[in-house]
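Biologist: I have the chain open on my screen. Can we go through it piece by piece?

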Amino acid sequence: MNTTKTINLKTRPKGKPKLTDFEISTTDIPYLQQGEVLLSSKYVSVDPYLRGRMSDAPSYVEPFKLNKPISSAIIAEVLETKNANFNKGDFVSGMLQWKEIQTAKGDGLSKVDKEQAPLSAYLGILGMTGLTAYLGLTEIGKPKKGETLLVSGAAGAVGSIVGQIGKILGLRVVGIAGTDEKIEMLKSEFGFDVGINYNATENMSAAIATACPEGVDIYFDNVGGEISDAVLFNINKFSRTINCGAISVYNNTEPPKSISVQPFLVKKSSSMQGFLVFDYVDKHPEGIRKLSEWLEQDKLKYTETIMEVFENIPQAFLDLFEGKNKGKMVVKL
Ligand code: NAP
Ligand code: FER
């Protein structure tokens with residue numbers, strides 16, 4: 001087989017992305033050059049931040065090009081190798097293209113151990129997701145035992161890990177998510193103390209006040225927008241907000257209308273800080289060590305939503321904006 005299916009960005013999404021913004025094409029697999037490996041994709045990560053790269057606004061990485069493949073974190077198997085660092089049959093993780101088969105240079109690929117954890121875990125708890133949860137909470141949240149941690153997007157990939165790390169560190173943990181089933185999962189499987197289904201709640205600030213009778217010391221914000229506005233009415237003196245993501249406004253076509261945060265922060269000497277996991281590359285090895293240790297000791301659990309087949313990668317991505325996933329969304333090929 002000398003060709004492979006490829007998923008390209010066909011049009012830049014306006015508002016909510018649609019399946020027609022993507023196009024599947026068949027492209028040639030280039031001849032394997034010295035220093036390269038031939039890879040077969042096994043698990044593809046779909047992530048909210050890819051929405052940003054589909055727009056042409058300036059960002060920390062360049063936007064995806066139209067009619068060119070989209071890329072994301074992928075776990076792949078080495079089919080052939082002309083690179084001494086990789087053997088046939090190795091599994092690797094890297095930022096790769098949405099292709100079934102592709103060639104890649106060795107740099108930027110890291111080997112993953114199938115015996116230590118299931119392959120998909122390297123896209124979630126043992127990858128960017130786990131690092132985001134651990135480093136965001138510890139570096140910016142600066143948690144102290146007994147404090148109250150509120151997490152939005154709590155049943156998602158990052159949020160479900162943040163809450164569990166909060167429990168390990170001795171915090172009272174409250175989660176916000178979109179269905180009763182997710183709230184039940186947060187409490188019964190991940191040890192959250194309380195949960196709020198924002199889709200079934202009229203007055204979010206009152207619900208947060210009830211769920212956090214001693215106020216909010218740390219707010220790990222994955223969603224932004226109205227949910228995060230409601231949190232402001234409940235923040236404590238010297239509280240910290242980790243601005244990890246704002247999925248509720250990623251598809252906005254106009255700048256979001258939020259309430260003014262400044263008076264809330266002034267009154268409570270409270271801080272908000274944007275967080276990017278790539279700013280802490282020097283701490284990634286420590287983070288992975290910690291996460292692996294907690295995983296081995298059964299102190300951390302994870303869940304995944306695994307969709308199947310290559311053609312469904314765009315649908316899996318769209319589903320993130322509908323809350324169809326619990327834990328990490330991945331596509332298995
Ligand atoms: P995820 O939480 O697994 O998936 C997205 C979830 O967002 C959905 O399951 C959905 O759950 C929720 N959601 C969708 N639309 C929403 C809306 N309008 N209002 C409220 N909730 C909504 O995704 P993830 O990979 O863990 O990422 C979570 C957040 O972290 C994202 O904002 C992402 O951009 C950010 N992130 C940041 C970094 C960084 O370095 N800063 C790194 C990784 C991720 P519900 O059913 O609860 O609505
Ligand atoms: C994310 C949201 C936003 C993310 C990165 C960004 C790695 C960064 C955006 C930018 O720099 O424009 O989930 O994850």
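**Walking through the model**

Modeller: This is a predicted model. In helix H6, the buried residues are Gly 225, Ile 227, Ser 228, Asp 229, Ala 230, Val 231 and Leu 232.

Biologist: How many of the 8 residues of H6 are buried?

Modeller: Helix H6 spans residues 225-232 and is mostly covered. Ile 227 and Leu 232 are among its buried residues. The count of buried residues in H6 is 7 of 8.

Biologist: Turn to strand S8. Which residues of S8 are buried on the side other than that of Thr 148, Leu 150 and Ser 152?

Modeller: In a regular strand, side chains alternate between the two faces of the sheet. In S8, Thr 148, Leu 150 and Ser 152 are buried on one side.

Biologist: Which residue of S9 is the bridge partner of Leu 150?

Modeller: S8 pairs with strand S9, residues 172-177, in the parallel sense over 5 bridges. The chain gets from S8 to S9 through helix H3, residues 157-168, in a right-handed β-α-β crossover. The partner of Leu 150 in S9 is Val 174.

Biologist: And in S11, which residue is the bridge partner of Val 151?

Modeller: S8 also pairs with strand S11, residues 216-221. That pairing is parallel, over 3 bridges. Val 151 has as its bridge partner in S11 Phe 220.

Biologist: Is Lys 142 buried or exposed?

Modeller: Lys 142 sits in the loop between helix H2 and S8. Its phi is near 40°, a positive value in a residue other than glycine. The relative accessible area of Lys 142 is 51%, and the cut-off is over 50%, so Lys 142 is exposed.

Biologist: What is the phi of Phe 238 near?

Modeller: Phe 238 lies in strand S12, residues 235-243. At 55% relative accessibility, Phe 238 counts as exposed. Its phi is positive, in a residue other than glycine, and near 60°.

Methods. Residues numbered from 1 in each chain as written. Chains lettered and ligands numbered in written order. Predicted model: local features only at pLDDT ≥ 70, side-chain atom pairs only at ≥ 80, totals over all residues. Heavy atoms only, no water. Buried < 20%, exposed > 50% of the residue type's maximum accessible area, 1.4 Å probe, protein only. Helix = DSSP H or I, 4+ residues; strand = E, 2+ residues; numbered from the N terminus. Pairing = 2+ DSSP bridges. Right-handed = clockwise from strand over helix to strand, strands pointing away.
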